[in-house]
Amino acid sequence: MAEADSTQVDKLTPVLAVAGAVLVVAALYLIFVWVPMESTMGVVQRIFYFHVPSAATSWVAFLTGGMAAVRYLISRDGRLDDLSVSCNEAGLVFCIVNLVTGMFWAKPVWGIWWAWDARGQSALLLAVIYVGYLILRQSVTEPSQRAVVCAVVSICGMVDIPIIYMANRWWRTQHPAPVIFGGGGLDARMGIVLAFTTVALLTVLWYLVRQRRKLAVMQREAEGLRRMVHALG
Amino acid sequence: MEENLKWLWYAFSAAWIIHILYVASIASRAKDLRGQIDNLKTLLQDQQKRSDDPSGQGDPHSDRPTG
C-alpha cells in the first residue's frame, strides 16, 4: 500500500505543479488586466483577489487536516497523521500570506498596519494555534504520542474557522460587511476572478500537501530505521 | 495611484516570497532526510553483518565505520 502511494505521488505531483503554475499565471492576468478597477480604493483593492482566496485555501487545508486528525484518532493509521501535518503546515503558509497581504492592504486604506478587530484577531489566533501545533510536533519525540496530541490540537484549531468567517457578522469590525454569501454587491467579473484565484491557490495547496506528505513518509522511514539501529546496537 | 501601486507590489511580492521559501524548505528538509536515511541504512547493514559474523570482526575490507 505504501509502495502504491509513493508511485501515485510521483505521477500526480508534477502534473499539479504545472497546472498550479498555469492557473496562477492566468489568475495574475485576470487580476491585473481583466478585472475592472474598484472605484473607491483604486488599484490597491486588487490585493483582495489574493487576500481572500489565501484565507479560503488555508481554511480548506486546516479543515482537511482536522478531518484527517479525527480519522487518525479512530483508526491510528500513521498515513492519516502524515496527511494531517501536511495539510496543517501548508495551511499555515496560506494563513500567513492572508495576514501579510491584509497588512499591506490595511496600511494604504485604513492608515494602519493592523486593526485589532474581531476578524483580524481570530485570523491571527488561527496562525498562532498552528505555529503551536508545529512546535508541539517538534517537542514530542514518541511518534504515536506525538500524533495523538497533535491530532487533538488540529481538531481544536478547526473551531476558530467558523469564528473568523462569522466575525464581521457577529461583531462590529474594521473589516467590511460580507461581500460574498452576505448580500454584498460584488461585480460579476470580480466574483469570477475571486473564484478563479481560489481554484488556482487550491491547486497550489494540493501540490504543496503532496510534497509535504513525501517528507512525512521519509520522516517515518527515518524514525523506523533509527529504532532498528537502536535495537540492534 | 503610484503610491497605491507600491502597496500592491509589496503584497504580491511578499505572498510569492513566502510560497517560494516554503517550497525551498521542503526541498532542503527532504535532502537532509534522504542523507539521514542513507546513513541509517548503511549503519543497519554494518550492524547486521557484524551480528552475522561469528568472529565479531566485521568485514575487514570495508572502509565504512562499523560503530
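Helices here are DSSP runs of H or I with at least four residues, and strands are runs of E with at least two, both numbered from the N terminus. The model is a predicted one, in which local features need pLDDT of at least 70 and side-chain atom pairs count only at pLDDT 80 or more, while totals for chains, interfaces and linings use all residues. Residues are numbered from 1 along each chain as its sequence is written, chains are lettered from A and ligands numbered from 1 in the order in which they are written, and side-chain values use heavy atoms, with hydrogens and water left out.

To start with the overall picture, chain A has seven helices and zero strands, so its pattern along the sequence reads α-α-α-α-α-α-α. The C-alpha trace of chain A spans about 70 × 35 × 25 Å along its principal axes. Of its 233 residues, 46% count as buried (buried means under 20% relative accessible area, exposed over 50%, and partly exposed in between, with a 1.4 Å probe and protein chains only).

Next come helix 2 (residues 48–75) and helix 3 (residues 78–110) of chain A. Two packed helices are described by the angle between their axes and the distance between the axes. Here the axes come within 7 Å and cross at roughly 160°, which means that helix 2 of chain A runs roughly antiparallel to helix 3 of chain A. Axes are lines fitted to C-alpha atoms, for helices over the stretch in contact, and angles run from 0 to 180 degrees between N-to-C directions; those under 35 degrees count as roughly parallel, over 145 as roughly antiparallel, 65 to 115 as roughly perpendicular and the rest as oblique. The crossing of helix 2 and helix 3 of chain A is left-handed (the near helix is turned anticlockwise from the far one by less than a right angle; clockwise would be right-handed). The contact between helix 2 and helix 3 of chain A has 16 nonpolar, 15 polar and two charged residues. In this scheme Ala, Val, Leu, Ile, Met, Phe, Trp, Tyr, Cys and Pro are nonpolar, Asp, Glu, Lys and Arg are charged, and the others, Gly among them, are polar. In the loop between helix 2 and helix 3 of chain A sits Arg76(A), a residue other than glycine with a positive phi near 55°.

A pocket is an open set of points on a 1 Å grid over the protein atoms alone, where a 1.4 Å probe fits, with protein on both sides within 12 Å along at least five of seven lines; lining residues have an atom within 4 Å of a point. Grid points are joined across faces, edges and corners, and a volume is the space filled by probe spheres set on the points. The largest pocket is lined by 46 residues, with Phe48(A), His51(A), Val52(A), Trp105(A) and Arg119(A) nearest its centre. Helix 3 of chain A gives the most to this lining, nine residues. By class, the lining has 30 nonpolar, eleven polar and five charged residues.

The second largest pocket holds about 710 Å³ of space. Its 28 lining residues include Arg137(A), Arg146(A), Gln219(A), Arg220(A) and Glu223(A), which lie nearest its centre. At least two lining residues each come from helix 3, helix 4, helix 5 (143–158) and helix 7 of chain A, and from helix 1 (2–52) of chain B. Nine residues, the largest share, belong to helix 7 of chain A.
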